[in-house]
Amino acid sequence: MPSHVLGSELSIISLGDTPKKAEQRACLALKAKLELNCKIALPGPLPESAFDQVREQYDALKLLASIEDMFPIPNASKGRGNERKILAITSVDLFIPVLTFVFGAARLGGRSAIISAYRLYEEFYGRPQDNELLLSRIEKEAIHEVGHLLDLTHCLDRNCVMHASNCLADTDVKSTGFCPRCHSLLAC
Ligand SMILES: [Zn+2]
Ligand SMILES: [Zn+2]
């Protein structure tokens with residue numbers, strides 16, 4: 001596994017109500033796929049300042065800023081580039097200004113990422129509940145957004161976890177794995 005990834009520290013935090021076992025599944029997947037040193041933090045409240053009254057959705061970029069405030073960088077680590085990364089999980093609908101919705105967001109090469117289960121539930125599409133399918137989608141979105149934190153951009157390979165998900169079918173087609181190209185980029 002790539003040396004700059006190996007042993008990177010990551011905290012996972014649930015904001016508000018999230019699917020049962022979501023953090024555990026994301027944590028196991030990130031350990032398995034990226035060998036991250038992953039810890040589950042105590043759940044926190046959803047920052048209501050990120051709610052957009054007009055769109056009735058949460059602004060993903062404002063949530064990223066709130067998450068970074070919740071996990072300040074200790075003085076000893078500042079500027080060393082090895083700050084603990086943070087992945088938040090929510091169940092509210094997220095947007096960024098140019099898109100109707102997003103499954104998640106992350107700062108490329110940065111410290112914070114977020115995913116939402118809101119549009120990953122089968123029930124959202126009028127189908128029967130399927131908890132295992134929900135958790136497998138959460139795994140993919142978690143690995144994808146953390147991939148962005150590790151400098152990976154979107155990949156054209158539809159089976160690669162770094163392929164962009166514009167709809168649920170994109171998420172369901174892709175695997176939890178990195179294609180050879182993305183895998184080699186992780187090693188740079
Ligand atoms: Zn992406
Ligand atoms: Zn790829």
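This is a predicted model: local features need pLDDT of at least 70, side-chain atom pairs count only at pLDDT 80 or more; totals for chains, interfaces and linings use all residues.
Five of its six residues are buried, so β1 is largely enclosed by the rest of the structure. It has two strand partners I want to go through. One is β2, residues 37-40, which runs parallel to β1 and is joined to it by four bridges. Within that pair, L10 stands opposite C38 of β2. To get from β1 to β2 the chain passes through helix α1, and this β-α-β crossover is right-handed. The other partner is β5, also parallel to β1, with five bridges between them. There, I12 sits opposite L87 of β5.

Now the helix in that crossover. α1 has 13 residues and spans 18 Å from first C-alpha to last, close to the 18 Å expected at 1.5 Å a residue. Its buried residues are A22, E23, A26, C27, A29, L30, K33 and L34. They cover an arc of only 165° around the axis, which puts them on the same side of α1. Note that E23 and K33 are in that buried list. As background, an α-helix has 3.6 residues a turn, so residues three or four places apart point the same way. What lies over the buried residues of α1? The cover includes β1, β2, β5 and α3. On the face turned away from the buried side, the exposed residues are Q24 and A32. Just after the helix ends, E35 takes a positive phi of about 50°.

Leaving out residues up to four places away in sequence, L30 touches L10, L36, C38, A142, I143 and V146.

Which elements supply at least two residues each? In soluble globular proteins, nonpolar side chains tend to be buried together.

Next, helix α2, residues 60-70, where A60, L63, L64, S66 and I67 are buried. They cover an arc of only 165° around the axis, which puts them on the same side of α2. Their cover includes β4, β5, β6, β7 and β8.

Two of those covering strands, β4 and β6, also belong to an open sheet of three strands, ordered β3-β4-β6 with mixed pairing. Its edge strands are β3 and β6, each pairing on one side only. β4 and β6 run parallel and are joined by two bridges, with L94 in β6 as the bridge partner of Y58.

Last, F101, in the loop between β6 and β7. Setting aside residues up to four places away in sequence, F101 touches Q57, D93, L94, F95 and R119. For scale, F101 and P43 lie 58 residues apart in sequence and 24 Å apart in space, C-alpha to C-alpha.

Technical notes
Residues are numbered from 1 along each chain as its sequence is written. Chains are lettered from A and ligands numbered from 1 in the order in which they are written. A residue is buried if 20 or more other C-beta atoms lie within 10 Å of its own, exposed if 12 or fewer, and partly exposed in between; C-beta atoms are placed from the backbone. The arc is that of the directions from the helix axis to the C-beta atoms. Two residues are in contact if their C-beta atoms, placed from the backbone, lie within 7 Å. Two strands pair if DSSP finds at least two bridges between them. A crossover is right-handed if, with the strands pointing away from the viewer, the path from the first strand over the helix to the second runs clockwise. The expected span of a helix is 1.5 Å times one less than its number of residues.
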